[in-house]
Amino acid sequence: MQFLKPYEIGSLNLKNRIVMAPMCMYSSNNEGLVKDFHRVHYGTRAIGGTGLIIQEATAVTPQGRISSNDLGIWENDHIPGLTSIVNLIHEGGAAAGIQLAHAGRKCEAENETTIAPSALSFSTDYRMPEEMTIEQINETIEAFRLAASRADQAGYDLLEIHGAHGYLIHEFLSPLSNQRSDQYGGSLINRTRFLIEIISAIRSVWPEPKPLIVRLSASDYLQNGIDLKQTMEIINLAKASIDGWHISSGGLLNAPIKTYPGYQVGMAETIRHTCQVPVIAVGLINSLEQVEEIIGNGRADLVALGRELLRNPYWPIRHLAPNTPNENLIPEQYLRGWSICPPQN
Ligand SMILES: Cc1cc2nc3c(=O)[nH]c(=O)nc-3n(C[C@H](O)[C@H](O)[C@H](O)COP(=O)(O)O)c2cc1C
């Protein structure tokens with residue numbers, strides 16, 4: 001099967017093409033610490049045969065949280081808990097990734113001031129953000145650098161920068177949320193500067209062989225917003241330091257989005273072929289047939305499953321036929337589940 005083919009991203013060997021998409025579980029406490037729930041949740045998906053697990057959006061500062069229950073990586077006290085997740089993912093046979101995030105104007109955590117490139121709120125239900133000063137921009141870039149260093153200490157194999165879904169980096173990229181008149185606003189090069197500076201800060205501490213990827217929203221689905229063409233220009237500006245691009249869409253503002261199975265795959269495919277970069281396709285991909293088609297036709301290098309892995313944590317091993325024990329994928333303890341001989345005890 002196509003999805004069982006190994007893949008090398010940067011110097012990381014993945015045993016198959018299935019990625020667990022980052023999904024916030026809002027199950028931490030106000031300190032951003034790891035709970036038993038996270039250990040069970042990620043450990044289970046690793047045992048289920050997923051090749052790469054990308055841990056949910058993990059906040060680089062307290063004001064970078066979406067909610068008061070987000071996981072955090074803004075201080076060294078977070079490292080032991082995060083290390084325990086990494087160890088369980090590794091024991092389960094998967095590679096461990098983490099998504100570093102800052103919510104920007106979509107921060108709904110209690111008692112935090114909200115910051116964004118411009119003083120424009122996401123909607124009337126959200127707080128009005130403060131326009132970031134140059135000092136705040138530099139502090140935030142530094143927070144990403146320190147978070148990357150902590151992620152390395154915790155043992156993560158791959159790091160994903162969250163540049164999608166209307167959070168801080170996306171807010172800088174899109175002209176609809178970035179109306180600055182300094183070097184961080186205006187032209188596409190200026191709007192991409194914040195992302196590029198975060199990438200180079202992270203690269204100064206994230207060891208060269210470990211892959212660094214970026215998740216982008218390839219379209220805002222709105223007039224004068226980001227579209228696929230601009231996304232490819234952004235990727236071309238940043239791609240020299242990046243090992244892969246995780247192609248999502250939307251989230252900047254409410255917009256009409258036509259969704260159907262694999263609705264974002266076409267954008268990932270265009271980016272892969274036009275920009276000549278590795279891509280992860282994601283979004284309403286649930287079936288084995290869809291995954292086989294995407295990988296087999298070279299439309300994406302990897303396929304991320306989100307909600308399907310919430311419903312079915314064993315998706316990869318579940319698709320292995322009985323009596324075909326695949327020792328690479330099935331945990332030793334579970335091999336008998338694939339045997340059709342009568343159970344002895
Ligand atoms: C519960 C939930 C939480 C999510 N949290 C994140 C997140 O932390 N970071 C992110 O980039 N996307 C997040 N997403 C989006 C998913 O990563 C994924 O792109 C989306 O669900 C589409 O894929 P799917 O159709 O396979 O679920 C979340 C989605 C869900 C359902």
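## Loops, helices and ligand shell of a predicted model

I242 is located in the loop that joins helix 6 to strand 11 (244-248). The structure described here is a predicted model. I242 has 19 C-beta neighbours inside 10 Å and therefore counts as partly exposed, since a residue needs 20 or more to be buried. Setting aside neighbours within four places in sequence, I242 is in contact with I199, L212, I213 and V214. W338 lies 96 residues from I242 along the chain, and the C-alpha atoms of the two are separated by 39 Å.

T113 belongs to the loop between strand 6 (95-101) and strand 7 (115-116). Beyond its neighbours within four places in sequence, T113 makes contact with Q63 and E130. Between T113 and L252 there are 139 residues of sequence separation and a C-alpha to C-alpha distance of 20 Å.

H165 sits in the loop between strand 9 (158-163) and helix 4 (168-173). Its phi is positive, about 60°, although H165 is not a glycine. N224 is found in the loop between strand 10 (212-217) and helix 6 (228-238). N224, also a residue other than glycine, has a positive phi near 70°.

| Residue | Other C-beta atoms within 10 Å | Class |
|---|---|---|
| T113 | 10 | exposed |
| H165 | 20 | buried |
| N224 | 9 | exposed |
| I242 | 19 | partly exposed |

T113 is exposed because 10 other C-beta atoms lie within 10 Å of its own, and the exposed class takes residues with 12 or fewer. N224, with 9, is likewise exposed.

Helix 1 (residues 36-47) has 12 residues, which at 1.5 Å a residue should span 16 Å; the end C-alpha atoms are 16 Å apart, so the two values agree. The expected span takes 1.5 Å times one less than the number of residues. Buried residues of helix 1 are H38, H41, Y42, G43, R45, A46 and I47. Residues three or four places apart in an α-helix point the same way, because there are 3.6 residues a turn. The elements covering the buried residues of helix 1 include strand 3 (18-20), strand 4 (52-59), helix 2 (79-91) and helix 9 (307-311). Just after helix 1, G49 adopts a positive phi of about 100°.

Helix 3 (residues 134-154) and helix 5 (residues 188-203) form a crossing pair: their axes come within 8 Å and cross at roughly 35°. This crossing of helix 3 and helix 5 is right-handed. On the helix 3 side the contact involves I137, I141, E142, F144, R145 and A148, which meet F194, E197, I198, A201 and I202 of helix 5. By class, the contact comprises eight nonpolar, no polar and three charged residues.

The ligand has 20 residues around it, of which A21, M23, A57, G306 and R307 come nearest. Strand 4 and helix 9 are the elements that give two or more residues to this shell. Strand 4 and helix 9 are also among the elements covering the buried residues of helix 1. By class, the shell around the ligand holds 10 nonpolar, six polar and four charged residues.

Note on methods
Residues numbered from 1 in each chain as written. Predicted model: local features only at pLDDT ≥ 70, side-chain atom pairs only at ≥ 80, totals over all residues. Axes fitted to C-alpha atoms, helices over the stretch in contact; angles between N-to-C directions. Helix = DSSP H or I, 4+ residues; strand = E, 2+ residues; numbered from the N terminus. Left-handed = near helix turned anticlockwise from the far one by under 90°. Contact = placed C-beta atoms within 7 Å. Nonpolar A, V, L, I, M, F, W, Y, C, P; charged D, E, K, R; others polar. Near = placed C-beta within 6 Å.
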